[in-house]
Amino acid sequence: MTMRKIFIAVAAVLALALAAGGAAFAQSAEQKALIDRAKAEGTVGEQADGFLGFRIASSDVTLNAAVRVTNDGRRAAYARAAADVGIGVDVAAARAFETIIQPRISTGQWWRNAEGQWVRR
């Protein structure tokens with residue numbers, strides 16, 4: 001399987017999901033706003049595995065639920081993309097991070113690299 005085919009499959013699935021403003025992830029506008037705020041504050045960040053993670057633990061049940069809903073939606077999208085090209089979900093998720101998610105991380109926000117270190121853009 002070529003990297004180009006993997007990229008195209010993952011990009012297609014995620015582009016549709018992200019273009020819908022998270023609707024494809026069953027994420028509400030309120031949940032998206034909550035996550036965006038948590039990212040700006042440095043509580044939540046993107047991870048090299050393609051999922052959101054908590055840089056700082058949160059006891060906010062609404063934020064925890066929003067992250068869970070988003071990650072569940074991403075997991076389903078990665079699984080669809082992986083099945084389309086015959087790769088593992090973890091490979092599809094990592095490629096999505098590298099090609100789609102990481103370039104969208106705003107200046108000042110945090111992300112966790114493959115070594116597990118939180119890095120600020």
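Q: In what order do the elements of the protein run from the N terminus on?
A: This is a predicted model, so the order is read from predicted coordinates. From the N terminus on, they run α-α-β-β-α-α-β-β.

Q: Is N71 buried or exposed?
A: Start with its place: N71 sits in helix α3, which covers residues 61-85. Buried means under 20% relative accessible area. N71 comes in at 11%, so N71 counts as buried.

Q: Which residues does N71 touch, leaving aside those up to four places away in sequence?
A: Contact here means heavy atoms within 4.5 Å. N71 itself belongs to helix α3. Once residues up to four places away in sequence are set aside, N71 touches F51 and L52.

Q: What share of the accessible surface of the protein belongs to carbon and sulfur atoms?
A: Of the 121 residues in the protein, 42% are buried. The accessible surface comes to about 6,400 Å². The part that belongs to carbon and sulfur atoms is 56%.

Q: Over which residues is the pLDDT below 50, and how many contacts does this stretch have beyond near neighbours in sequence?
A: Across the protein, pLDDT averages 87, and 79% of the residues score at least 70. The stretch with pLDDT below 50 is residues 19-23. Beyond near neighbours in sequence, its number of contacts in the model is five.

Notes: Residues numbered from 1 in each chain as written. Predicted model: local features only at pLDDT ≥ 70, side-chain atom pairs only at ≥ 80, totals over all residues. Heavy atoms only, no water. Helix = DSSP H or I, 4+ residues; strand = E, 2+ residues; numbered from the N terminus. Buried < 20%, exposed > 50% of the residue type's maximum accessible area, 1.4 Å probe, protein only. Areas by Shrake-Rupley, 256 points an atom, 1.4 Å probe, with all protein chains shown as cover. pLDDT = per-residue confidence, 0-100.
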